[in-house]
Structure formats: C-alpha cells, structure tokens
Amino acid sequence: MTLKLENVSAGYRRLEILHDINLSVAPGEIVSIIGANGAGKTTTLRTLAGLINPSKGKIFFHDADITRYRADQVVRSGLVHVAQDRALFGNLQVIENLHMGAFTRPTKTIQSSLEQVFELFPILKDRRTQIAGTMSGGQQQMLAIGRALMAQPKCLTLDEPSIGLAPNLVAQVLEAVSRIRETGVTVLIVEQNASQALAISDRAYVMESGSIVLEGTGQELSDSPEVRKAYLGM
Ligand code: ATP
C-alpha cells in the first residue's frame with residue numbers, strides 16, 4: 001500500500017473529530033473521500049499532512065511509519081497536500097509560487113518538473129509573471145496543484161479542489177487530476193462534488209460524523225441507493 005491509516009483517531013484539543021479511521025490507497029490509485037459538510041474530510045487530510053497529531057492509531061506511507069512526522073517531514077517523504085484555501089503566496093508571481101513548491105529539492109533539478117506543470121496547465125506558463133493573488137479562482141487552484149507537483153510527490157492529497165469553481169472549470173481541474181495519476185502519482189481527493197469525484201475515482205470512502213460508513217469502487221458507490229440519495233441528490 002502507498003498510504004494506510006490504521007484505527008486513526010484525531011481532533012482539535014480534547015475534541016475528537018475522527019473516530020477509528022481505516023483507509024488505504026494503493027499505488028497509482030485515485031481514491032476519494034466524500035461526505036457532508038463537517039464530516040471530517042478536511043481533518044483527515046490535515047492529519048495525513050502532519051498538521052494534526054493523531055491521538056490514536058498509525059499512519060504508514062510506503063511502509064514507513066509517518067504517524068509522528070512534522071509537516072515538512074511528510075512533504076519530504078513524498079506525501080504532498082493541497083489545502084482547501086490553496087495557501088498561495090498571493091503577493092508573489094506564479095513562477096515564484098512554483099519555485100516555493102520545490103523547497104525540498106536542489107534548484108538545478110526542478111526544470112523538468114516545471115515543464116511538466118506547464119504542460120498540464122499551459123495557462124500558468126502564459127501567466128508566469130502574474131501576481132498569484134490577482135488570478136481567477138480556477139487559475140489559483142491550478143497553481144496550488146502545480147506548486148504541489150513541484151515537490152515531486154509520490155502521493156498528492158487534494159482538499160476540495162473544485163470548491164468555488166464554475167462547472168466547466170471543475171471538469172478541467174478533475175480532468176487534470178486524472179492526467180496527474182497517469183504520470184504515476186497516487187491521489188487521495190476530498191470532494192463535496194460527489195458525482196464528479198466518483199467518476200474519476202478507482203475507489204471511494206463515505207465519511208459521516210468522523211467515521212467511515214461505506215467504501216467501494218467509484219462505480220459501486222455511484223450505484224449505491226444510499227449514496228445516490230444522500231450525496232448525489234437523486
Ligand atoms: P467541510 O466540507 O465543511 O470542510 P469536512 O468534512 O472537511 O467539511 P472538517 O472540516 O474536517 O469537515 O470538520 C470536521 C469537524 O471538525 C466539524 O465539526 C468542525 O466544526 C470541526 N473543526 C474543524 N476545524 C476545527 C478547529 N480548528 N477547532 C475545532 N473544531 C474544528
């Protein structure tokens with residue numbers, strides 16, 4: 001397994017939000033976590049990113065126990081997080097933001113990653129000197145993903161990349177996620193946009209009140225009456 005959470009509980013101070021989570025992602029998979037607002041999806045990704053310490057359980061990444069890794073150690077191990085708020089350096093140029101993403105790597109090794117990012121998102125090449133904070137929401141999301149790719153991740157975790165985007169941009173961003181996987185990067189994605197997330201996912205988990213309540217292939221969950229009623233509005 002690329003990534004494995006074993007009986008992980010975590011939360012904020014004494015408030016436990018995640019209860020005994022078991023979740024795994026195999027090499028090269030796209031796995032999604034769907035669920036309502038407040039279900040604990042963001043908390044799960046923040047825990048994986050080393051931003052929250054689990055109170056119980058273990059996290060393994062490529063067989064290494066990363067449960068107690070700090071956020072920078074998690075990035076260096078190849079697990080790279082794209083936060084929901086994108087956390088860009090709004091006053092810096094696109095290209096400067098991309099270089100920031102490669103902070104773990106020697107400068108002379110990053111050119112090929114930069115070319116890969118520009119191939120995936122040509123708009124970032126055209127706008128390389130634009131100040132990041134002045135770009136549209138969709139372009140900023142592409143930049144946030146591009147910056148994460150500059151760290152040369154083995155696995156990317158994406159927190160609601162489609163949030164606040166117009167429908168055609170949602171499709172574009174999710175299509176980019178599929179292409180990223182084709183380059184050999186494993187993806188764990190949190191989405192409220194359940195139908196589109198399931199369509200690109202090999203497998204998915206449904207989270208409710210901090211617990212995993214269902215899991216299956218993207219197709220199985222898309223066909224599940226419970227999922228259709230609760231998350232697909234059918
Ligand atoms: P959303 O789609 O709204 O981001 P989510 O499934 O990602 O939902 P989380 O953001 O993980 O859910 O939130 C899970 C629970 O944790 C919620 O009840 C939320 O109020 C609580 N929570 C989130 N951040 C904090 C915090 N910093 N301190 C205390 N509680 C928090």
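Two strands pair if DSSP finds at least two bridges between them. Strands (E, at least two residues) and helices (H or I, at least four) are DSSP runs, numbered from the N terminus. With that in hand, start with strands E1 and E4. Five bridges join E1 to E4, and the two run antiparallel. Within this pair, Leu 5 stands opposite Ile 59 in E4.

This is a predicted model, in which local features need pLDDT of at least 70, side-chain atom pairs count only at pLDDT 80 or more, and totals for chains, interfaces and linings use all residues. Residues are numbered from 1 along each chain as its sequence is written, and side-chain values use heavy atoms, with hydrogens and water left out.

Now widen the view. E1 and E4 belong to an open sheet of four strands, in the order E2-E1-E4-E5, with antiparallel pairing. Its edge strands are E2 (15-25) and E5 (64-65), and each of them pairs on one side only. E1 covers residues 3-12 and pairs with E2 over seven bridges, in the antiparallel sense. Here Tyr 12 stands opposite Leu 15 in E2. Helix H1 packs on this sheet, where it touches E1, E2 and E4 (56-61). The direction of H1 makes about 110 degrees with that of E1. Contact means heavy atoms within 4.5 Å. Axes are lines fitted to C-alpha atoms, for helices over the stretch in contact, and angles run from 0 to 180 degrees between N-to-C directions.

At the other end of the strand order, E4 and E5 pair in the antiparallel sense over two bridges. Phe 60 has Asp 65 in E5 as its bridge partner. Two residues lie between the strands of this hairpin, and His 62 takes a positive phi near 50 degrees there.

A second sheet comes next. This open sheet has six strands in the order E6-E7-E8-E3-E9-E10, with mixed pairing. Strands E6 (79-82) and E10 (211-217) stand at the edges with a single partner strand each, so one side of each is left without a neighbour in the sheet. From one strand to the next, the twist averages 15 degrees. E3 (residues 30-34) and E8 (residues 186-191) pair in the parallel sense over five bridges. Ile 34 has Glu 191 in E8 as its bridge partner. Helix H7 (residues 167-182) lies across E3, E7 (155-159) and E8, and runs at about 160 degrees to E8.

Finally, turn to the ligand. It is surrounded by 13 residues, the closest being Asn 37, Gly 38, Lys 41, Thr 42 and Thr 43. By class, the shell has four nonpolar, seven polar and two charged residues. Ala, Val, Leu, Ile, Met, Phe, Trp, Tyr, Cys and Pro count as nonpolar, Asp, Glu, Lys and Arg as charged, and the others, Gly among them, as polar.

One lies 2.8 Å from a side-chain N or O atom of Asn 37. For the side chain of Lys 41 the distance is 2.8 Å, and for that of Thr 43 it is 2.5 Å. The protein covers 61% of the 630 Å² of accessible area that the ligand has on its own (Shrake-Rupley method, 1.4 Å probe).

Key. A residue is near a molecule or strand if one of its heavy atoms lies within 4 Å of it. A polar contact is a pair of N or O atoms within 3.5 Å; within protein, one must be able to donate a hydrogen and the other to accept it, and residues adjacent in sequence count only if both atoms are side-chain atoms.
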